[in-house]
Amino acid sequence: MSIQFKSIVELRAMLDEKSISTSELIQESFELAKKYKELNCFITMNEESGTKKANAIDQNEKGSSWLSGIPLAQKDLFCTEGLRTTCSSKILSNFIPPYTATAVQKLEDAGSITIGKTNMDEFAMGSSNETSFFGNVHNPWKKGYVPGGSSGGSAAAVAAGIVPAATGTDTGGSIRQPAAHCGITGLKPTYGRISRWGMIAFASSLDQAGPLARTAEDCAILLNTMSGHDLNDTTSLSSDVPDFLENINQPIDGLKIGVIKEFNLSDLDPQVQACFEESKKAYEALGAQFIEISLPNISASVPTYYSIAPAECSSNLSRFDGVRFGHRAENTNDLNDLYIKSRSEGFGDEVKRRILIGTYALSAGYYDAYYKKAQQVRRLIKNDFDHAFQSVDVLMTPTSPNTAFEFGSKGTQNPVELYLEDLFTISSNLAGLPAISIPHGQVNSLPAGLQLIGNFLREDQLLNAAHIFQKNSDHHLAQPDLGDF
Amino acid sequence: MTWETVIGLETHVQLSTKTKLFSRASTAFGASPNTNVNLIDCGLPGVLPSVNKEAFYKAIRFGMAVGAQINQTSLFDRKNYFYADLPKGYQITQMDLPIVLGGSIEIILDKLAKTINITRAHLEEDAGKSIHDEFDGFSAIDLNRAGTPLLEIVSEPEISSAKEAVAYMKAMHQLVTYLDVSDGNMAQGSLRCDANVSIRKKGAKELGTRTEIKNINSFKFIEKAINFEIKRQIKILENGEKVTQETRLYDSSKDETRPMRSKEFANDYRYFPEPDLLPVIISDEEIKKIRDEFPELPNEKETRYQKEFGLSAYDAQIIASSKPMADFFEAALQKTKNYSLLSNWLIGEISAYLNKEQIEIHESKLSADIVAMLINRIDDQTISGKIGKSIFEEMCANGSSPDEIIKSQGLEQISDDEAIEEIILTVINENPAQVEAYLAGKEKLFGFFVGQVMKLTEGKANPKTVNNILKDKLK
């Protein structure tokens, strides 16, 4: 029986019934990765050590946890000890970390097997995976189309059924938007729910790790393992971690869902809009009620984000200087020359653009007008959400204004065009709130995503609402035809 | 024209925490290059800082000692600039909300007291070290110092001479060592300062244009660098020219200050709040604990030494002025009861030795145990004070115990009456002429007899016993 397109829950059952061994499972996962090499999901494979671990599990395993022997892919910005970690950048193309990120470590400690590191937008800066030094990732649903970004490789690997789930990170939509474009489920948890230790920083106050999987149920399994306070990340939350899997079968009768007044959906592609209306009806049929709610400052989300995120990135990326690790230019005259050449050669255009924007936003004389102002607006946006959650349980929006688009069709002339991809996703990063994207239909044979935004630490509500939806629909079961790859 | 000097000092105190400000790597001085370095200190991708609260406790102790306001909620900010020994490309420091605000330090110069106000004191991490001259054509980076906690103490521009600046730094040194905030070792860079110097016409209200002399690390250099800078600026002003605001370095080999290359300081540091750290909150309980465990300060010790051990005001002040000396005194007190002899030795022989060697007592081979033993042997008349001095030299050289020296060299004092009487009788018998002269009234000859007895006993006879018996026999 093929493992392709199987969920964690299904693979767990196969392993427990011994209809497949861990080694066979992992072997097949590696073979699928090779078969669909053209998708370009992976930058580095972990074949030797992954195979070894699978054999060890087959020999030693007694009781089995949910994740024991389950193949996973890790976004290539999680540091993995001894396994190259590039952030899809030339500047880290030779970087082999001496330590493992907490989120990945927890997944591996629970028995999962990392089969490889996935392609992404360079330093997670992008919404189409087109900024990678290692080339574009194809959307498994249509060759030559973007998978979304920045966690494009992770989303495509799950959508193509190579792995049941993968890790991603989400700074402005980087889990949810590729999940939407690839027709899978992706969760961005509350800021601080999962440790950032070992996650190469883009924008520290916005970055959050999370799972991409075939179902909300699988997302709950991964979130259970990945969550929790980490002494190495003092911004990680010390709040209790409930059993998310245990809590996903609650009735949603009476669930109050807010629809944001300021997002004028009639501007969208009518088919995207139609999917949204269908999903509203589906939720209503399950007993939820809809309330229109106003978030007066939410329209400022994109400019606010594009002041704060580049500012933090301009500082976070200063350590890539060619001195201690990563790419170092040759034939340099002095220290300044070493910096200029190493960074000019090492970073791609989008990363350079954001470093420039951020440096400008933080510079003397502009700080108050940009960075400080943006932080103040961020506070207002957060207050809007706090206010909204006094009258609703979750908020609902499309994940993205559109579905996947063709390589090179967006943002090449005007980067802002691509920045608007993040319109619906960015505000939950600014407010630190959890949000999930689930597939809810197709537009021209390409998946469309539905976003649910939850209150602080209420991933349980999101996962429950998503799971109930998936129990009563089959959008998440749709599989791409991979005949072109 | 008479001129007036205005000086403000930024003092960098390296805090004596065991580990770094944001990592658990050791701060020990003198380790091989790049060994006291972990993932955080070398700024690897994906690492995050964690605050070392001990550094906060030390900063708060300093704040309390200078009567400052303690900000129980304080924030870290990033100061961005590129340099090869700054691993992250930014320094984590405190800009908007420092841990210590205000306070003051009293300095005494020529017996006059003056109060220098403190603007603020904030915590920050130190950078690593660049080594430019050891590898042909290459610079090397040692990150052992990277991340070491510093307390930067900024004074108000209220210092008016190089001598006052030195007095301020000496007061600072005494305070931070007393508080166990820092080891105060200036040669190792644990205490250093930047001096902002400007000149104005006497009585003028406006401040003159200032220059900043960076990184001065000895009392001597502080005085010389500032004096050089004062003269330089006055000369410029007297020529009717203008002082350029700039950062300068003091070159001790040439005894001059000179401008740093403009590139080295023309930075826009792009400060912004450090997003990797939450605000640091110090609880009321923590504040109380720091207050309860507050160390005794020099003036408190001075009073106590006079009261408890009967030391003179002068002796008490000298011993209490240096933390290592006071610690030594208090440790030795556990082993001897002759307080006055102990303090005489500390102020006399021991201080003279330390001055000669230019070291502090904890850097010498002397321990409180062996010094107390020496005091006890003099006190119980096992040896004379004179023999004590010769033993002391050996103690300084080898750190050996007085008892062992006495035993191995047979230096016990002869206090046995009969033995001494026998020797005295020999001396009297052998010097009849002197005895006759003495008895005839030439009393000065008494010293001659004592000398003869000491000669025969190699100085070991108890002088008191000798005196008593001699007087008796020469009646």
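In chain A, strand S5 (residues 185-188) and strand S10 (residues 435-443) run antiparallel and are joined by 3 bridges. Leu187(A) has Ile436(A) as its bridge partner in S10(A). Strands (E, at least two residues) and helices (H or I, at least four residues) are DSSP runs numbered from the N terminus, and two strands pair if DSSP finds at least two bridges between them. The model is predicted: local features need pLDDT of at least 70 and side-chain atom pairs count only at pLDDT 80 or more, whereas totals for chains, interfaces and linings use all residues. Residues are numbered from 1 along each chain as its sequence is written, and chains are lettered from A and ligands numbered from 1 in the order in which they are written.

S5(A) and S10(A) belong to an open sheet of 11 strands with mixed pairing, in the order S1-S3-S2-S4-S6-S5-S10-S11-S9-S7-S8. Strand S1 (42-45) and strand S8 (289-293) of chain A each have a single partner strand and stand at the edges, so one side of each lacks a neighbour in the sheet. From one strand to the next the twist averages 30 degrees. Helix H2 (residues 22-35) of chain A lies across S1, strand S2 (71-75) and strand S3 (113-118) of chain A, at about 15 degrees to S3(A). Axes are lines fitted to C-alpha atoms, for helices over the stretch in contact, and angles run from 0 to 180 degrees between N-to-C directions.

In chain B, strand S1 (residues 3-14) runs antiparallel to strand S12 (residues 191-201), with 11 bridges between them. Gly8(B) is opposite Asn196(B) in S12(B). S1(B) also pairs in the antiparallel sense with strand S11 (residues 149-155) of chain B, over 5 bridges; here Glu10(B) has Val154(B) as its bridge partner.

Helix H5 (residues 298-309) and helix H6 (residues 313-321) of chain B have axes that come within 8 Å and cross at roughly 140 degrees. The two helices are therefore oblique to each other, a class that holds the angles left when those under 35 degrees (roughly parallel), over 145 (roughly antiparallel) and 65 to 115 (roughly perpendicular) are set aside. Pro298(B) and Tyr305(B) are among the residues of H5(B) that meet H6(B), where the partners include Ala313(B) and Ile319(B).

Between the chains, 25 residues of chain B are in contact with 33 residues of chain A, contact being C-beta atoms, placed from the backbone, within 7 Å.

Conventions
Two residues are in contact if their C-beta atoms, placed from the backbone, lie within 7 Å.
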